[in-house]
Amino acid sequence: MERRLAAILCADVAGYSRMMGIDEAGTHAAFKAHRGAIHPIILNHAGRIVKHTGDGFLLEFANAASAIQFGVEMQCLMAERNAELPADRSMRFRLGIHKGEFTIDDGQAFGDGINVAVNLESIATPGGVAVSAKAYEEASPQLPVRLTSAGSFQFRDLQEPVQAWTWEPGSETTIRARTNAATLPPQYRTAIVGVLPFVNLADGPDEYLADGLADDLIHALSLQSFFRVLSRTSTFRFRDRGLNPRLVAREIDATYLIQGTVRRSLQKIRVTAELIAPETGAQLWAGRYDRDLGDLFAMQDEITTSLCAALMPEIYRVEASVPVRSSAADPTAWDRFLRGLSHYYRPTKADYEVSITLFREAIGLDPTLGIAHAYLATILMQGINFGWIKGSRELWDEAKSLALDSVRLDARSSFAYAILAFVQAMQGAHEDGMKAARKATELNAYDMGARGVLGLCHMVSGDHQQAIDQFSIAAQRGNSDPRYQWPALNAYSHYLIGRYEAALSWAREELFLYPNHLQALTIRAATLAQLGDRDQARDAIGALCEQYPWLTLDRHMKNIRWRKRDDIEHYRDGLIKAGLT
């Protein structure tokens, strides 16, 4: 039995039982997603999870100031996330905070300190925070926000009345109390995306279906941190007004607009969508999706995921091609980053070198620009994959340091966690890599890059069928983003379970896109050897060594840090049979 003195925070969701009664699976999934987004803020304030409850959690902090600052930041985050959702699907937490003692015994937490926090949570406004006088008095000199005295409360299960102080969203204190860099400063947020209501083209009353798809897409796009996404209320007021997209964009200050149509026929549905630059009217991307209705929510999730995976890299690509926004005499970190991104999307060795220089300049101008750290780490790893740079301990250490900085600077970025997971997995920190990859997918279930990195973590751990499942989905939906080369990794997993024909197909797919991809060339040679085609295998090794004359078997295998020794030996065997020495 252990007794502690700490700042205790109790949280639950207002109206959770009602929401579960309407949509149990959807409510549970949304709760888990919100909880995943909140977790980095807990860590930022050195909080510790005491226990999870069905609709909330109990946390402890070293001091009351940390607990209250966390509470305000969390509620600001939830206000942002709920802004993208219809009212009946928004999830609002109530928080109660008290400084007091509690006891831990056999994994269970109890005590008067917890009872006070639970009671305070019951009087908090949904989306707000209620704080005991004891916690407020300790924390008030350090608080960046102003709390309001709510008076004294006599709770049924407590002998003494509790003086409460409250904070509510919408008060003057909602001045971006969040101090982390999860959101880029305004001068960096160059792109603003508006999703217009999708048009129902069917004869039946299917407007709800069109609206649901647009709502889901707004939510999915808002989970990334590269551009801003306007709320439903900003764009849905233009329904049926027939305005020119340029006029709509000017009224809501949108850089890009997404519009679409929904057409239903019996049990079939067709969804079209396009990304347009409203000032010029140019169509930047268009897609069409034909699906069976089946499970309506599953169908919506599948289309939303496909749309999101296609649209995000297109917006990145277009933004990267925008002319530099500042003069060369007065560069900004964001301009340098975008220029580096433009070279990144032209993956040649010369562009690779330029992009590294520009990303480093961006970080030098603004060390808090987390996305620049993540992309620099990514392109360093790609340089090894493409054979443009030799892997070294110093290079891997730099990539890991950049990835850690990116996570620290942007704790809600699935991309940041994904590149950290990639580096850790490739360095042999399998459990850490898996943990970071799962965090990335929790933060953004629509990020196909994060899903693919989760596959990589399964691969290096020896769970090859799970890896194949993740790689295949990522390749199908996210293959327009050069950050990732899933076909090559898919080839490795198929090879390691003896599916050599499939491995060869995936390797050829990678080489069709990138003819000199180092990993694709090596796995192709090993696969041909295992298939018994020694002549082609030797020719493949010859082409490999001609492209990379410095490559030897020992040098290559030194960088293979998979968990299972049998997998490593299986791969070595194929390369030896192919003739790599």
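**Reading the chain**

Q: Where is Ile523 found?
A: Ile523 is found in helix H20, which covers residues 518-530. Helices (H or I, at least four residues) and strands (E, at least two) are DSSP runs, numbered from the N terminus.

Q: What kind of model is this, and how are residues numbered?
A: This is a predicted model, where local features need pLDDT of at least 70, side-chain atom pairs count only at pLDDT 80 or more, and totals for chains, interfaces and linings use all residues. Residues are numbered from 1 along each chain as its sequence is written, and side-chain values use heavy atoms, with hydrogens and water left out.

Q: Why is Ile523 called buried?
A: Its relative accessible area is 0%. Buried means under 20% relative accessible area, exposed over 50%, partly exposed in between (1.4 Å probe, protein chains only). So Ile523 is buried.

Q: Which residues does Ile523 touch, not counting those up to four places away in sequence?
A: Ile523 touches Ala491, Tyr492, Tyr495, Ala507 and Tyr571. Contact means heavy atoms within 4.5 Å. Ala491 is 32 residues from Ile523 along the chain, yet their C-alpha atoms are separated by 7.1 Å.

Q: What makes Trp486 buried?
A: Trp486 has a relative accessible area of 3%, so it counts as buried. Trp486 lies in helix H18, residues 486-496. Beyond its neighbours within four places in sequence, Trp486 is in contact with several residues, including Met448, Phe471, Ala475 and Glu510. Trp486 and Ala475 are 11 residues apart in sequence and 5.7 Å apart in space, C-alpha to C-alpha.

Q: Is Gln470 buried or exposed, and why?
A: Gln470 is buried, because its relative accessible area is 16% and the limit for buried is under 20%. Gln470 sits in helix H17, residues 464-477. Leaving out residues up to four places away, Gln470 touches Arg451, Leu454, Gly455 and His458.

Q: Why is Gln163 called partly exposed?
A: Gln163 has a relative accessible area of 30%. Gln163 belongs to strand S8, residues 162-167. Among the residues it touches, not counting those up to four places away, are Val131, Ser132 and Gly151. Gln163 and Ser132 are 31 residues apart in sequence and 5.9 Å apart in space, C-alpha to C-alpha.

Q: How many disulfides does a search of the whole structure find?
A: The search finds 0. A disulfide is a pair of cysteine sulfur atoms within 2.5 Å.

Q: How do you know that the chain agrees with a compact globule?
A: With 581 residues, such a globule would have a radius of gyration near 25 Å, and the chain has 26 Å, so the two agree. The radius is taken over C-alpha atoms, and the globule rule is 2.2 Å times the number of residues to the power 0.38. Along its principal axes the C-alpha trace spans about 85 × 65 × 60 Å.

Q: What makes up the chain?
A: The chain has 23 helices and 14 strands. Buried residues are 56% of its 581 residues.

Q: Which share of the contacts joins residues 24 or more positions apart?
A: Such pairs account for 66% of the contacts in the chain with a separation of 6 or more.
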